[in-house]
Every structure is written in C-alpha cells, then in structure tokens.
Amino acid sequence: MARTIDDILAAARDRLARVHPDQAHDEMREGAVLVDIRPAAQRAQEGEIPDALIVERNVLEWRFDPASGARLPQATGHDLRVIVFCSEGYTSSLAAASLHDLGLTRATDVVGGFKAWRAAGLPTTGGGDR
C-alpha cells in the first residue's frame, strides 16, 4: 500500500528526539556536529549558521557512515551526535532518520530548520532573504 509523504515524515519524526534551535545551539557549543544539508543556492539566499558543517543532502549518508570510504573526519563512530537542519525542518527529519538507519541513533534535526534558528535570534551570516 502506498504511503503519502506526510506518512513518511511522521514515521521519520517518531524515531527522532527533535531539538529546538536554542537546544541545537547549546549542543553545538558542547561538541555536537550541526549539519546544514541545504543546497548552495538556498544557503546563499537565506544565510548560514557559523561553524555548521555543510554537507548537501545528496551525499549525507556517505559522509557520515563510519564504514564509508567517503566519510568525513567528523564521522568517528555511531555514537556521534549529529543535528541536521534544512530550511524549515522537513527534509532534515527525513535525513536524520536515514542516519538512524546507518546506526547513528543519536542523530536528530532542528524543529523549524534554519528559519526558526534565525527567528530565535541565534547567530547567522549572509543571506538576502530576511
């Protein structure tokens, strides 16, 4: 039986302990890896979060799988705290659930994404969409 994207999103979010922007900011300062999966054009338009790691969505799993030859140096093991964000917090939920499938069960995403981060007055740079 076919599912809708809303069904898939709800199932993904059921697996996550999602965090609000202020929680993500605190965790990042404590060593969590904050990952921006937005494409370059979206980052240029909206802005960026200083010190967030940019890993576009199409390569996320390869970069964070500890067994992948294409992994990032930050992908040190399955216990890594990865907090993913996109523009509004939809794609990031699907991406974080995919990281769970790889065994990174501490992965999650930011409720409301970059837009909620910026609205909370947390640090951002650049972007013309204000």
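This is a predicted model: local features need pLDDT of at least 70, side-chain atom pairs count only at pLDDT 80 or more; totals for chains, interfaces and linings use all residues.

**Contacts, cores and a sheet**

Colleague: Where is A12 placed, and is A12 buried or exposed?

Modeller: A12 lies in helix α1; helices (H or I, at least four residues) and strands (E, at least two) are DSSP runs numbered from the N terminus. Its relative accessibility is 5%, so A12 counts as buried; the scale is under 20% relative accessible area for buried, over 50% for exposed and partly exposed in between, with a 1.4 Å probe on protein chains only. A12 and S98 sit 86 residues apart in sequence, yet 8.4 Å apart in space, C-alpha to C-alpha.

Colleague: How many residues of α5 are buried?

Modeller: Eight of the 11, so to speak a mostly covered helix. Among them are S92, L99 and H100. The buried residues of α5 pack against α1 (5-14), α4, β3 and β4 (108-109). After α5 comes G103, with a positive phi near 100°.

Colleague: What does the side chain of S92 make a polar contact with?

Modeller: Look for N or O atoms within 3.5 Å; within protein, one must be able to donate a hydrogen and the other to accept it, and residues adjacent in sequence count only if both atoms are side-chain atoms. Here the partner is the side chain of D109, at 2.8 Å. S92 counts as buried, at 0% relative accessibility.

Colleague: Which residues have the most contacts inside the largest nonpolar core?

Modeller: A nonpolar core is a set of buried Ala, Val, Leu, Ile, Met, Phe, Trp, Tyr and Cys residues joined through side-chain atoms within 4.5 Å. The largest has 17 residues, and V35, L60, F64, V82 and L99 have the most contacts inside it. Two or more residues each come from β1 (33-36), α4 (60-64), β3 (82-85) and α5 (91-101). A second, separate core of 13 residues includes M28, A32, A52 and F85. Back at L99, leaving aside neighbours within four places in sequence, the contacts are L60, F64, V82, V84, L104 and A107.

Colleague: What is the strand order in the open sheet?

Modeller: Strands of a sheet pair through backbone hydrogen bonds, either parallel or antiparallel. Two strands count as paired if DSSP finds at least two bridges between them. This sheet has four strands in the order β2-β1-β3-β4, with parallel pairing. β2 (53-54) and β4 are at the edges with a single partner strand each, so one side of each has no neighbour in the sheet. Four bridges join β1 to β3, and V35 has V84 in β3 as its bridge partner.

Colleague: And F114, buried or exposed?

Modeller: F114 is buried, with a relative accessible area of 0%. F114 belongs to helix α6 (residues 113-119). Beyond four places in sequence, F114 touches residues including R38, I49, F85 and T124.

Key:
Residues are numbered from 1 along each chain as its sequence is written. Side-chain values use heavy atoms; hydrogens and water are left out. Contact means heavy atoms within 4.5 Å.
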